[in-house]
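I opened this entry to keep a record of what I looked up, in the order I looked. The notes start after the display.

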Amino acid sequence: VGRQPITTTVTFFFTPNDFFVPFSPNTFFRVYKPGVDALRYERKLKALSQLSVIGVLGYESDIQSESGWSDSPELESSSFLARVTHTLGLFEIGALGGIIREASVSGFSLQGELFDWLGIRTEGHYANSWNDNYKNGFMATMSFEHRYASSLTVRLEYMYNGYGEDSIAEILVDPRQSVAGQNYLGKHYTALDLSYEVTPLLFGEILFLRNWSDDSYSVSFNGVYSVSDESDLTMTLTLPGGSEPEAGVIQSELGSLPVQFSLEYRWYF
């Protein structure tokens with residue numbers, strides 16, 4: 001009971017089943033995830049099965065507060081979720097259901113490996129909202145991955161976003177959000193990620209994201225250098241591509257992002 005990170009996802013970049021403070025696809029540093037006010041109960045049903053019951057408090061938005069949210073919980077915006085997982089052979093299958101932000105949600109997940117070579121992960125959910133500010137929809141991701149002996153790891157993900165639209169013009173007409181906590185604008189996305197251990201001290205990664213609904217994309221480069229046993233130096237560069245905003249009106253999702261560069265030193269103690 002208390003402030004804690006809540007994760008119910010099995011995929012990396014597009015995470016339909018991560019309902020509470022999900023990472024954006026191009027977030028490389030995921031050691032720390034912000035927490036939410038929650039109660040979580042977990043029970044082993046049998047040797048390879050587990051039940052998780054999660055309750056998360058919701059809050060009203062308050063633009064006058066420093067955080068952007070009110071100090072008092074709101075029952076209508078709170079969430080209650082149950083998830084069951086079971087390992088069958090080389091795969092873990094999962095099912096979830098509950099209420100997320102004034103919507104009934106049911107979902108699934110699967111992760112495992114084929115032929116000791118190809119990793120497969122998939123997850124998704126369908127949400128039916130009774131709040132007019134949210135859309136109903138189906139959202140799912142399929143992911144494939146392989147790590148070579150050289151340390152090169154290749155990941156390819158595809159996401160279908162039933163909350164999105166086929167064009168920016170349609171989005172501007174109906175700007176309602178999804179209950180998933182991730183407001184992607186388009187319907188079809190892919191992510192291609194290549195990571196490689198250049199030396200024992202230097203790790204590099206390249207991530208290409210594509211929104212096929214508006215032909216926008218972004219390319220991110222990330223490098224982590226181990227300065228000492230307890231410290232890292234990280235550099236990240238993200239370059240967007242696509243139509244830029246005109247007269248303050250969005251023309252493409254990823255094309256509206258700025259060029260981003262960060263240099264970060266992390267020290268663990």
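**Strands**

I started with β10 (188-199) and β11 (202-211), which run antiparallel and are joined by ten bridges. Strands here are DSSP E runs of at least two residues, helices are H or I runs of at least four, and both are numbered from the N terminus. I count two strands as paired if DSSP finds at least two bridges between them. I looked up the partner of S195 and found E205 in β11. β10 and β11 form a hairpin, with two residues between them.

I noted the basis of the entries: this is a predicted model, local features need pLDDT of at least 70, side-chain atom pairs count only at pLDDT 80 or more, and totals for chains, interfaces and linings use all residues. Residues are numbered from 1 along each chain as its sequence is written, and side-chain values use heavy atoms, with hydrogens and water left out.

Next I followed β11 to strand β12 (residues 216-228); the two pair in the antiparallel sense over ten bridges. I206 has F221 of β12 as its bridge partner. The hairpin of β11 and β12 has four residues between the strands.

**Positive phi**

Which residue in that hairpin takes a positive phi near 60°? I found D215, which lies in the loop between β11 and β12 and is not a glycine. Most residues other than glycine have a negative phi. D215 counts as partly exposed, at 48% relative accessibility. My classes are buried for under 20% relative accessible area, exposed for over 50%, and partly exposed in between (1.4 Å probe, protein chains only).

I also logged A247, which is not a glycine and has a positive phi near 55°. A247 sits in the loop between β13 (231-241) and β14 (260-267). A247 is exposed, at a relative accessible area of 85%.

**Aromatic rings**

I searched for ring pairs and got seven aromatic pairs in the structure. The test takes rings of Phe, Tyr and Trp (its six-membered ring) with centres within 6.5 Å; planes under 30 degrees apart are stacked, over 60 edge-to-face, and the rest tilted. F14 and Y184 are an edge-to-face pair, 5.9 Å centre to centre with 75° between the planes. This pair links distant parts of the chain, 170 residues apart: F14 is in the loop between β1 (2-4) and β2 (36-46), and Y184 in the loop between α1 (168-173) and β10. Both F14 and Y184 are buried.

F14 also pairs with Y189, this time tilted, at 5.8 Å centre to centre and 50° between the planes. Y189 is in strand β10, 175 residues from F14. Y189 is buried, as is F14. I therefore wrote down F14, Y184 and Y189 as one cluster, linked by ring pairs.

I then checked charges over rings, which requires NZ of Lys or CZ of Arg within 6 Å of the ring centre and within 35 degrees of the ring normal. R210 lies over the face of W212, 4.7 Å from the ring centre. R266 has its charged end over the ring of F29, 3.8 Å from the centre.

**Core**

How many residues are in the largest nonpolar core? I found 27, and F14, F19, F20, V105 and V179 have the most contacts inside it. Such a core is a set of buried Ala, Val, Leu, Ile, Met, Phe, Trp, Tyr and Cys residues joined through side-chain atoms within 4.5 Å. The elements giving it two or more residues are β2, β3 (49-61), β6 (103-114), β10 and β11.

I listed contacts of V179 (heavy atoms within 4.5 Å), leaving out residues up to four places away in sequence; they include F19, I100, V105 and Y163.

**Salt bridges**

My search of the whole structure gave six salt bridges. The criterion is a side-chain nitrogen of Lys or Arg within 4 Å of a carboxyl oxygen of Asp or Glu. D37 bridges to R3, with the closest N and O atoms 2.6 Å apart. D37 is in strand β2 and R3 in strand β1, 34 residues apart. R3 is exposed, at 60% relative accessible area.

K33 bridges to D18, with the closest N and O atoms 2.8 Å apart. Are K33 and D18 buried or exposed? K33 is buried at 9%, and D18 counts as buried at 3%.
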